[in-house]
Amino acid sequence: MARNSRQQLITYEELDSATDLTGPEQAAWQAAREATADAYAPYSGFHVGAALLLADGSIFRGTNQENAAYPSGLCAERTALFGLAAGQPAHGPIVGMAVAARPSGGDFGPAFPCGACRQVMLEYESRQGQPIPLLLPGRDGTILRFQSLAALMPFSFSADDLRSE
Ligand code: THU
């Protein structure tokens with residue numbers, strides 16, 4: 001018999017449009033959408049942009065980068081985080097993140113980070129010791145706002161789990 005039955009809640013806000021965002025959020029949202037134009041997605045035709053908002057208001061962008069050897073490619077969320085960490089190691093805290101996606105020749109649609117990206121996103125959040133609010137385009141044209149990346153991935157694996165006692 002199960003000892004307990006538990007539930008986990010994910011809290012997020014659903015916004016009707018970008019006009020409901022704060023100024024800096026709008027900048028990140030717009031940057032993620034613009035970044036989709038620079039995706040290298042000749043194989044999937046799915047163009048993804050990610051934007052990282054820094055404390056000084058600057059924005060670092062990522063796009064998905066595909067490869068003829070398919071698994072060698074990388075998602076926009078990870079090119080953004082890895083690119084920032086590699087190219088600007090002294091960057092301050094990331095205070096926001098936004099993602100956008102559209103198929104070739106199509107309209108912007110939903111963009112939900114894959115499991116591998118969530119794992120990476122979480123580690124960067126815990127590494128900086130400060131939550132990273134996230135904006136994702138929902139399935140029905142809404143904008144989903146999460147106060148922390150951790151909301152996306154309960155029961156995640158972390159460095160703590162490497163230390164077995
Ligand atoms: N992709 C991303 O860049 N981010 C996501 O959140 C979902 C998927 C990319 C990977 C691949 O280049 C293409 O979209 C199709 O999966």
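This is a predicted model: local features need pLDDT of at least 70, side-chain atom pairs count only at pLDDT 80 or more; totals for chains, interfaces and linings use all residues.

How many helices and strands are there in the protein? I looked that up and got three helices and six strands.

Next I read along the sequence, and the order came out as β-α-β-β-α-β-α-β-β. I then checked the radius of gyration: it is 16 Å, close to the 15 Å from the globule rule for 165 residues, so the protein is as compact as a globular protein of that length.

On to the ligand. Where does it sit? I found that the space it takes is the largest pocket. I listed what surrounds the ligand: Ser44, Phe46, Val48, Asn64, Glu66, Cys75, Ala76, Glu77, Phe112 and Pro113. Sorting the residues of that shell gave me six nonpolar, two polar and two charged.

Which elements each supply at least two residues of the shell? I got strand S2 (46-54) and helix H2 (76-87).

Then I went through the polar side chains, looking at distances to ligand oxygen atoms. For asparagine 64, I have a side-chain N or O atom 3.0 Å from an oxygen of the ligand. For glutamate 66, the side-chain N or O atom is 2.5 Å from a ligand oxygen. For glutamate 77, I noted a polar side-chain atom 2.6 Å from an oxygen atom of the ligand.

Last entry: how much of the ligand does the protein bury? Taken alone, the ligand exposes 370 Å², and I get 75% of that buried by the protein.

Notes: Residues are numbered from 1 along each chain as its sequence is written. Side-chain values use heavy atoms; hydrogens and water are left out. A residue is near a molecule or strand if one of its heavy atoms lies within 4 Å of it. A polar contact is a pair of N or O atoms within 3.5 Å; within protein, one must be able to donate a hydrogen and the other to accept it, and residues adjacent in sequence count only if both atoms are side-chain atoms. Accessible areas come from the Shrake-Rupley method with a 1.4 Å probe; for residues, only the protein chains shown count as cover. On a 1 Å grid over the protein atoms alone, a cavity is a set of points where a 1.4 Å probe fits but cannot get out, and a pocket is an open set with protein on both sides within 12 Å along at least five of seven lines; lining residues have an atom within 4 Å of a point. A molecule sits in a cavity or pocket if more than half of its atoms lie within 2 Å of its grid points. Helices (H or I, at least four residues) and strands (E, at least two) are DSSP runs, numbered from the N terminus. Ala, Val, Leu, Ile, Met, Phe, Trp, Tyr, Cys and Pro count as nonpolar, Asp, Glu, Lys and Arg as charged, and the others, Gly among them, as polar. The radius of gyration is taken over C-alpha atoms; the globule rule is 2.2 Å times the number of residues to the power 0.38.
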